[in-house]
Amino acid sequence: RMKILWVLRVKGECRVGELAEEIGIAAQNISQHLRLMHDRGAVSKRKSGREVYYTVANENFIKGAGLIRKGVNEEINKKSPGLNQ
């Protein structure tokens with residue numbers, strides 16, 4: 001789900017197929033994650049005909065995800081100095 005947020009942050013509005021291709025997992029799996037993320041308010045969706053486009057619902061989610069990523073990387077580097085993720 002973090003990867004989904006990061007891709008949406010970089011690319012902006014995306015369809016399920018675009019996200020699946022970018023992340024490298026099946027569109028069905030992406031759809032399930034997006035449904036849960038939408039239900040919890042993390043992403044917004046917009047329908048255009050048969051297509052559904054997703055975006056990050058609030059920029060603060062990206063800021064929070066960035067802090068979590070930074071903390072995880074700091075802890076990894078404490079255990080394995082020089083390993084840069």
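Two aromatic rings of Phe, Tyr or Trp (its six-membered ring) count as a pair here if their centres lie within 6.5 Å.

**View 1. Looking for aromatic pairs, and a charge over Trp6.** This is a predicted model. With that cut-off, a search of the whole structure turns up zero aromatic pairs. Trp6 does have Arg69 lying over its ring face, though, at 5.8 Å from the ring centre.

**View 2. Helix α3, residues 27-39, end to end.** Just past the helix, Gly41 takes a positive phi of about 85 degrees.

**View 3. The two sides of α3.** Ile30, Leu34 and Met37 are the buried residues of this helix.

**View 4. The largest nonpolar core.** This core has 17 residues, and Ile4, Leu8, Leu19, Ile30, Leu34 and Val43 have the most contacts inside it. The elements giving it two or more residues are α1, α2, α3 and β3. In soluble globular proteins, nonpolar side chains tend to be buried together.

**View 5. Close in on Val43.** Leaving aside residues up to four places away in sequence, Val43 touches Leu5, Leu8, Leu34, Met37, His38, Tyr54, Thr55, Val56 and Ala57. Leu8 and Leu34 also sit with Val43 among the core residues that have the most contacts.

Note on methods: Residues are numbered from 1 along each chain as its sequence is written. This is a predicted model: local features need pLDDT of at least 70, side-chain atom pairs count only at pLDDT 80 or more; totals for chains, interfaces and linings use all residues. Side-chain values use heavy atoms; hydrogens and water are left out. Helices (H or I, at least four residues) and strands (E, at least two) are DSSP runs, numbered from the N terminus. The expected span of a helix is 1.5 Å times one less than its number of residues. Buried means under 20% relative accessible area, exposed over 50%, partly exposed in between (1.4 Å probe, protein chains only). A nonpolar core is a set of buried Ala, Val, Leu, Ile, Met, Phe, Trp, Tyr and Cys residues joined through side-chain atoms within 4.5 Å. Contact means heavy atoms within 4.5 Å. Rings of Phe, Tyr and Trp (its six-membered ring) pair if their centres lie within 6.5 Å; planes under 30 degrees apart count as stacked, over 60 as edge-to-face and the rest as tilted. A charge sits over a ring if NZ of Lys or CZ of Arg is within 6 Å of the ring centre and within 35 degrees of the ring normal.
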